[in-house]
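Trainee: I would like to go through the aromatic residues of this model with you. Can we take them one step at a time?

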Amino acid sequence: MMQSSLCLALLATVSALQAPTSLTQQRRVVAQRAPLDLSAPKSSTALCAADDDGYEAPKIEFDPDAPTGGRDLWSDWKNGIYIGSVAIGVLLPVFFFVVRP
């Protein structure tokens with residue numbers, strides 16, 4: 001059973017990599033670009049310095065006596081996030097290889 005599924009996977013890979021043989025499959029569409037007007041005036045953007053508006057960002061202070069410990073959301077969910085990312089990265093190409101248009 002394992003050998004037959006391996007052979008089937010190999011045949012599917014080889015058939016997917018074969019070049020198209022009919023003329024309709026070999027045609028390519030070439031997009032036409034709009035002609036460039038080389039005599040058009042060039043534009044440029046310049047940044048002008050302005051006066052200081054007196055804005056000061058608020059200072060963020062952390063309480064050193066705040067209670068610490070316990071689990072946070074990142075430590076609770078990081079393994080699931082990593083495993084899910086890897087699963088998506090592996091399973092999406094496999095899915096689109098199997099379900100080809």
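Trainee: Is tyrosine 82 buried, partly exposed or exposed?
Mentor: This is a predicted model. Buried would need under 20% relative accessible area and exposed over 50%. Tyrosine 82 has a relative accessible area of 49%, so the class is partly exposed.

Trainee: Which kind of aromatic pair do tryptophan 74 and tyrosine 82 form?
Mentor: Planes over 60 degrees apart count as edge-to-face. Tryptophan 74 and tyrosine 82 are 5.8 Å apart centre to centre, with 90° between the planes. Tryptophan 74 is itself partly exposed, at 44% relative accessibility. The pair is edge-to-face.

Trainee: How far apart are the ring centres of phenylalanine 95 and phenylalanine 96?
Mentor: Their planes are at 75°, so this pair is edge-to-face. Phenylalanine 95 is partly exposed at 44%, while phenylalanine 96 counts as exposed at 52%. The centres of the two rings are 5.1 Å apart.

Trainee: Which residue lies over the face of phenylalanine 97?
Mentor: A charge over a ring must be within 6 Å of the ring centre. Here the distance from the ring centre is 5.4 Å, and the residue is arginine 100.

Trainee: What percentage of the residues in the protein chain is buried?
Mentor: The protein chain has three helices and zero strands. Of the 101 residues in the protein chain, the buried share is 0%.

Technical notes: Residues are numbered from 1 along each chain as its sequence is written. This is a predicted model: local features need pLDDT of at least 70, side-chain atom pairs count only at pLDDT 80 or more; totals for chains, interfaces and linings use all residues. Side-chain values use heavy atoms; hydrogens and water are left out. Rings of Phe, Tyr and Trp (its six-membered ring) pair if their centres lie within 6.5 Å; planes under 30 degrees apart count as stacked, over 60 as edge-to-face and the rest as tilted. Buried means under 20% relative accessible area, exposed over 50%, partly exposed in between (1.4 Å probe, protein chains only). A charge sits over a ring if NZ of Lys or CZ of Arg is within 6 Å of the ring centre and within 35 degrees of the ring normal. Helices (H or I, at least four residues) and strands (E, at least two) are DSSP runs, numbered from the N terminus.
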